Amino acid sequence: MDPTLLARLQFAITTVYHFFFVPLTLGLAVLVALMETWYVRTGQEDYKRMSKFWGKLFLINFAIGVVTGIVQEFQFGMNWSDYSRYVGDIFGAPLAIEALLAFFLESTFLGVWIFGWDKLPKKVHLLAIWLVALGANISAVWILIANSWMQQPVGYAIIDGRAQMTSFSSVLFNPNIFYQFPHVLSSGLVTGSFFVLGISAYHLLHKSEVDLFKRSFQLAAVTGVIFSALLGINGHAQAQHMVQTQPMKMAAAEALWESQDPASFSLFTIGDMKNRRDVFAIRIPRLLSLLAYNQLSGEVKGINNLQAEYEAKYGPGDYVPPAIIPYWTFRIMVGAGTLMFILALLALYLLWREKLERFPWALKSLTLALLLPYMANTSGWLLTEVGRYPWVVFGLMKIEDGVSPRVTAGMLWTSLIGYVLVYGMLIAATVYLLMKFAKTGPSSTDDQNLAEEQPSDSLPSLVR
Amino acid sequence: MDLNTIWFILIAVLYTGYFVLEGFDFGVGILLPFLSKTDVERRAIINTIGPHWDGNEVWLLTAGGATFAAFPQWYATMFSGFYLPLFLLLVALILRGVAFEFRSKDPNPRWRSLWDWCIFAGSLVPALLLGVAFANLAQGVPIDSNMEYTGGFFNLLNPYAILAGVTTIIVFTLHGAIFLIMKTTGNLLEKAQMTARRLWIPVVVLLLALLVGTYLSTDILDKLGVDPGIVPIAGFAAILATGYFLRKHLYGWSFTMTCISIAGSIITLFMILFPRVMISSLNPNWSLTIYSASSSDYTLRVMTIVAVIFVPVVLAYQLWSYWVFRKRIQAKPETLTY
């Protein structure tokens, strides 16, 4: 198999896997911090139990997010050394700053938070979890600054065949980051909210710890409504920005072969990628123009027109992403996002009218809805990355020019199989632990039970 | 002093900090199966490093990120060249990282034993690989005129590198044992004391061998001369002093000495390297230097400003976290955080 394809596959697998856990870290950190804030303000032990219970789930998820992040940081040099040489002057800086500003903050204060419950004044302990939440979200800012530069390179000059930074502030205030970061931030909070909503709904359905889970439900329903609404709004803004900066991504996501004015929105398309035409399509007239420009007309460029445009600009080549991926991931993401907004509204309404218990199907749907943020996050990430094809840095460097020239297919296979095996084992362990603790509920994290949890002393020893 | 030199020093400091800090938590991980008889003891051992290991590991991530930002050619050549060792390092660190979090989440002895193995192997293997990798940095590796590593995996496993790997394991183990002496009580404390005393002689022998090996395998003589200067001498003298302080039961001093010894060794390595960052064994002109491998002056300036502002802040709160958890850990269930 072609090393470029293997390197891409490895990047896709490790990144999607990493981003499977990261949004929950971003959002749940904030929710746990809010719970502990209430504990410190009211002094009620219930809120402490709540923080500890959700905190335990947070920790399990956090651990796997962190360790898979190490791979991300090393992977650029290992598999994409020519990319690293080409962009290092610009791309390395946000990565280093991320480690310095965010990784130290979250790892140090998470240690303080886990082990400091009885050792620190309440307010200092509370500060620790807020710093963890801050660190995690700062980390998102910097990695997205790096990614934004790949989507929309700014503040650089090509000198001696390498991209060199000419303006740090341009890289920092890349227009793309103002669309991408709010979207990721809200997706994190929505993921956290639906995680809490789903597990709370399960317990409310089974009438266990009703008081604690109702409070959790309440918090998550409010944040769920707010942030799924914001998610839609900034997602819409991001799509409009994409029409301007990466029109091919939008054309592929809409299966729009030829430029249209006014442009129609695809409700359902089965396309023929080879001949670039519809086999079957239902389209809503004018809707795409409306989405792109907030008005009923306006040209949205099509795949064929852009291909011709890029050939003239960048030379011969294939500039069309594998449209099936952007097309379907766009629909899954928007569909899941819309559904989450409706469900969050429903949850809040039922809670407000005190009718939750009367609608078990609503609680059941909310438990199932736990899967929705994961579908949306994964497909959103795939859309943004696959839609950039064939570029690794838009307009500057193609994917195949970025791989490590000396890394062989054999080495790539070794690491790919290794990661898949280890990651497979870890997701099994993570899901097992999360389900176990989520089902048992807060009794599993109460102080007195921790001592009982300890097994007898007759353990099989590692080394005799 | 130009920015390239400043960044070379800063990266040397980051790796030195990493070896000194994660060195003891690797050592504690390696000792975990040997010093504990019961699950409670194991938890107590883990809790001595529980609040710190992750923060220590970030030193490596920051060193990697700083290398990427300041010397992208170095980052690209080293990370793609040392491919398989780095892959193994990553797998080991992944398993170790989740193991700390996962092991106590289920009381099943098999479950715990599995993750304890991951902590043990996840501490041993990185120590070995880091030693091997840094020895190869010091003695040079085949790098062609395009800055590409042309050797294979087994090029890296030469006798000098393996000696360095084994030495790193044993030094970290001693370092970890002394850390445990400062952080435990009772039975664990006694076992840690015995371990440290027993490990001292092998450590001295191995470090002496490594020193001789370094004179034979690297160009230290050309770089530092017959009298290598204060740093390597202090590094070696510190390990001799460690034995003295261990005998006198002055463990804070013993720990300080192992810190100095590890720091001295890593700084010596970077002194051998300077001003090169990757030595080509094929042709000295093909070596990467702090100039041929670096980012632009502009990027280095930006990064310097960032580092000047934030490094002191990071150091301050990491030190604070060590102060918060300064007390000894007792192997009693009711006092342990799970």
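Two strands count as paired if DSSP finds at least two bridges between them. Keep that in mind for the hairpin below. This is a predicted model, where local features need pLDDT of at least 70, side-chain atom pairs count only at pLDDT 80 or more, and totals for chains, interfaces and linings use all residues. Residues are numbered from 1 along each chain as its sequence is written, while chains are lettered from A and ligands numbered from 1 in the order in which they are written.

**Chain A overall**

Chain A has 15 helices and 6 strands; helices (H or I, at least four residues) and strands (E, at least two) are DSSP runs, numbered from the N terminus. Its C-alpha trace spans about 70 × 60 × 40 Å along the principal axes. A compact globule of 464 residues would have a radius of gyration near 23 Å, and chain A agrees, with 24 Å. (That radius is taken over C-alpha atoms, and the globule rule is 2.2 Å times the number of residues to the power 0.38.) Buried residues account for 52% of the chain. Buried means 20 or more other C-beta atoms within 10 Å of a residue's own, exposed means 12 or fewer, and partly exposed is in between, with C-beta atoms placed from the backbone.

**A hairpin out in the open**

Strands β3(A) and β4(A) form a hairpin with 4 residues between them, and R276(A) in the turn has a positive phi of about 50 degrees. The two strands run antiparallel and share 7 bridges. Across the pair, F268(A) stands opposite I282(A) in β4(A). So is β4(A) buried or in the open? It lies largely in the open, because 0 of its 8 residues are buried.

**One exposed tryptophan**

W361(A) sits in helix α12 of chain A. It counts as exposed because it has 8 C-beta neighbours inside 10 Å. Its C-alpha is 9.3 Å from that of L205(A), although 156 residues separate the two along the chain.

**Where the chains meet**

Here, 67 residues of chain A are in contact with 65 residues of chain B, contact meaning that the C-beta atoms, placed from the backbone, lie within 7 Å. The largest share of chain A's side, 23 residues, comes from α3(A). By type, that side divides up like this:

| Type of residue | Residues on chain A's side |
|---|---|
| nonpolar (Ala, Val, Leu, Ile, Met, Phe, Trp, Tyr, Cys, Pro) | 41 residues |
| polar (the others, Gly among them) | 18 residues |

Note on methods. Two residues are in contact if their C-beta atoms, placed from the backbone, lie within 7 Å.
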